[in-house]
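Please read these points beside the sequence and the model. They are numbered so that each can be checked separately.

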Amino acid sequence: MCLIPLFLVLLFAACGAPPTHMATPTAVPVATQITREATPIVLTPTSAPTIAPTSVAPTWFELQTSDAAPLSALVWPGSDTWVILASNGDGGQARWEPLARALAGRGHSVLSFDWRGTTPGLKTPPDWTKAVLDAQAALAYARANGAKRLVLIGGSLGGITSIKLGDAKDVVA
């Protein structure tokens, strides 16, 4: 209770006149304005590159991690360049499907997966502290199936995990 008056004194003391040791602001001369004729910039719309979605159907499978956790995964077969799509922490690999189809349409192999415990129906509890193990399982699967070059793309948790694993010689993150 006796701190309240002290607080009020300090509060009102801080709201007083400006200190006398501060210099008064002075006007600074503005540089002479340079005028020149403006050249109009004309922007013309360009068409975005079109990527034909693949007609190759993806395959669902269960990916096993090194500690035996089951992960739901989806793979589109293609070249020996594999793109691994790592989603946000909620799993939700379905959000990657348009990109996966476009990449597969360019001939790349694409793999997306759900983080442990995020696939409905699988009885593994979510454990995002093991995200690196989950992504390593996807990399191991791609390598075992002929990947020569790996590209990791991720959002949120998937992005952080991709950066952590991006130092391998065959990985681009």
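**Notes on the model**

1. Val-83 stands opposite Val-110 in strand E4. Strands, here DSSP runs of E of at least two residues, and helices, DSSP runs of H or I of at least four, are numbered from the N terminus. Helix H2 (residues 97-105) packs on the sheet and touches E2, E3 and E4. The direction of H2 makes about 40° with that of E2; axes are lines fitted to C-alpha atoms, for helices over the stretch in contact, and angles run from 0 to 180 degrees between N-to-C directions.

2. The model is predicted: local features need pLDDT of at least 70 and side-chain atom pairs count only at pLDDT 80 or more, while totals for chains, interfaces and linings use all residues. Residues are numbered from 1 along each chain as its sequence is written, and side-chain values use heavy atoms, with hydrogens and water left out.

3. How confident is the prediction? The mean pLDDT of the chain is 78, and 68% of its residues reach 70 or more; pLDDT is the predictor's confidence in each residue, from 0 to 100. Over residues 5-15 the pLDDT is below 50. Beyond near neighbours in sequence, that stretch has 0 contacts in the model, a contact being heavy atoms within 4.5 Å.

4. The chain has 4 helices and 6 strands. Along the sequence they follow the pattern α-β-β-β-α-β-α-β-α-β. Of the contacts in the chain with a separation of 6 or more, 63% are between residues 24 or more positions apart. Of the 173 residues, 34% count as buried. Buried means under 20% relative accessible area, exposed over 50%, and partly exposed in between (1.4 Å probe, protein chains only).

5. The 6 strands form an open sheet in the order E1-E2-E4-E3-E5-E6, with mixed pairing. Its edge strands are E1 and E6 (171-172), each of which pairs on one side only. E3 and E4 pair in the parallel sense over 5 bridges; two strands pair if DSSP finds at least two bridges between them. Strands of a sheet pair through backbone hydrogen bonds, either parallel or antiparallel.

6. Which residues touch the most other members of the largest nonpolar core? They are Ile-84, Phe-113 and Leu-150, in a core of 23 residues. The elements giving two or more residues to this core are strands E1 (59-64), E2 (70-76), E3 (81-86), E4 (109-113) and E5 (149-154), with helices H3 (131-144) and H4 (157-165). H3 supplies the largest share, 6 residues. A nonpolar core is a set of buried Ala, Val, Leu, Ile, Met, Phe, Trp, Tyr and Cys residues joined through side-chain atoms within 4.5 Å.

7. Not counting residues up to four places away in sequence, Ile-84 touches Leu-111, Phe-113, Ala-138, Leu-139, Ala-142, Leu-150, Val-151, Leu-152 and Ile-153.

8. A search of the whole structure finds 3 aromatic pairs. Rings of Phe, Tyr and Trp (its six-membered ring) pair if their centres lie within 6.5 Å; planes under 30 degrees apart count as stacked, over 60 as edge-to-face and the rest as tilted. Phe-61 and Tyr-141 are stacked, because their ring centres are 4.5 Å apart and their planes lie at 25°. This pair links distant parts of the chain, with Phe-61 in E1 and Tyr-141 in H3, 80 residues apart. Phe-61 is buried at 18% relative accessibility, whereas Tyr-141 is partly exposed at 25%.

9. Phe-113 and Trp-115 form an edge-to-face pair, 4.9 Å centre to centre with 80° between the planes. Both residues are buried. Ring pairs also link Phe-61, Trp-82 and Tyr-141 into a cluster.

10. Most residues other than glycine have a negative phi. Ala-68, in the loop between E1 and E2, has a positive phi of about 70° and is exposed at 54% relative accessible area. Ser-156, in the loop between E5 and H4, has a positive phi near 60° and is exposed at 52%.

11. Arg-101 is found in H2 and is partly exposed, with a relative accessible area of 27%. Arg-101 and Val-56 are 45 residues apart in sequence and 8.5 Å apart in space, C-alpha to C-alpha.
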